[in-house]
Amino acid sequence: MTPRRALLLVAVIGAVLLTWAAARFARQFDARPGAAAATDGASDPADQGERLALRFFRNPATAPAFKVRDLDGRELSAASLRGKVVILNFWATWCPPCRAEIPDLIALQEKYRDHLVVIGVSEDEGGPEVVRRFVAQQKINYPIVMMTAELEKMFPGVSALPTSFILDRESRIVQKHVGMLTPRTTEYETRSLAGLPVNASIEEVDQTQGLKLDKNAQVMTIPGIDLATLPAARRDEALQKLNAASCTCGCDLTVAKCRVDDPSCGVSLPLAREIVKQIAAAP
């Protein structure tokens, strides 16, 4: 055999061995625990991204033992949801930020369906049929329940929409978000509480009772304004207009938010009352 042929034979054998080694390594990589779990959301979506700081309540309280039925008549209870992360999302069809975060909640529920249950609690006064049509149009894939007096007592302090209570796998309330959820934070909270790998640090914080309004939050309780006198069908309309109309006192806020930030404002109060008066008098 000539030296040239010998070198060629060595090169061919080397290429074959390299291909075999690469294939074996790939099989070993695929067989690693959790390597194929990306399809069910087990892999960290941002291993190489910036580390996120998550804040959970120190000494979280156990959620009330609620029991409700969704729009399809299926029963949901705190007991039946133990073992999964729960996002209890208070919302309404008339609320723009509520509608804006729904696609993110749909995607989150689909991706983490083995670890998470999102429950939408509708505050709509128009009745379940209005909500049912909206759910069908948006193709919402998580259960929706109507707000009840019992739920209102169990989860007080929902003064703005959307408001979301985050429950861990032991049904403890570990966080409360007022205003639109941030998709990345919500996903990382879900992963952390579900015991999945996540590129985040955990900080324990004291639970605050005060209302901290996100810029997109829609106010439900407005100082100086009694909406109980309006028919149920008109209350949603009033809240929508109060959260959309601009106050003219120079605060650069809506009428509703100005009332919350400064209940003594002499401009926002008559504006709010006029809005309610016009809606009440509408045919």
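These legends accompany close-up views of a predicted model of one protein chain.

**Figure 1. The whole chain, as a starting point for the close-ups.** Eight helices and eleven strands make up the secondary structure of the protein chain. The chain has 283 residues, and 42% of them count as buried. Among contacts with a separation of 6 or more, 72% are between residues 24 or more positions apart. The accessible surface comes to about 15600 Å², and carbon and sulfur atoms account for 55% of that area.

**Figure 2. A look into the second largest pocket.** Here we visit a pocket with a volume of about 510 Å³. Its lining consists of 22 residues, and those nearest the centre are Glu123, Glu125, Glu152, Met220 and Leu239. Two elements, helix H4 (149–154) and helix H6 (232–242), each give two or more residues to this lining. Helix H6 gives the most, with three residues.

Figure 3. Sorted by class, the residues around the second largest pocket are twelve nonpolar, six charged and four polar.

**Figure 4. Serine 164 and its surroundings.** With a relative accessible area of 0%, under the 20% cut-off, serine 164 counts as buried. Which residues does serine 164 touch, leaving aside those up to four places away in sequence? They are Ile87, Leu88, Asn89, Gln175, Lys176, His177 and Leu181.

Technical notes
Residues are numbered from 1 along each chain as its sequence is written. This is a predicted model: local features need pLDDT of at least 70, side-chain atom pairs count only at pLDDT 80 or more; totals for chains, interfaces and linings use all residues. Side-chain values use heavy atoms; hydrogens and water are left out. On a 1 Å grid over the protein atoms alone, a cavity is a set of points where a 1.4 Å probe fits but cannot get out, and a pocket is an open set with protein on both sides within 12 Å along at least five of seven lines; lining residues have an atom within 4 Å of a point. Grid points are joined across faces, edges and corners, and a volume is the space filled by probe spheres set on the points. Helices (H or I, at least four residues) and strands (E, at least two) are DSSP runs, numbered from the N terminus. Ala, Val, Leu, Ile, Met, Phe, Trp, Tyr, Cys and Pro count as nonpolar, Asp, Glu, Lys and Arg as charged, and the others, Gly among them, as polar. Buried means under 20% relative accessible area, exposed over 50%, partly exposed in between (1.4 Å probe, protein chains only). Contact means heavy atoms within 4.5 Å. Accessible areas come from the Shrake-Rupley method with a 1.4 Å probe; for residues, only the protein chains shown count as cover.
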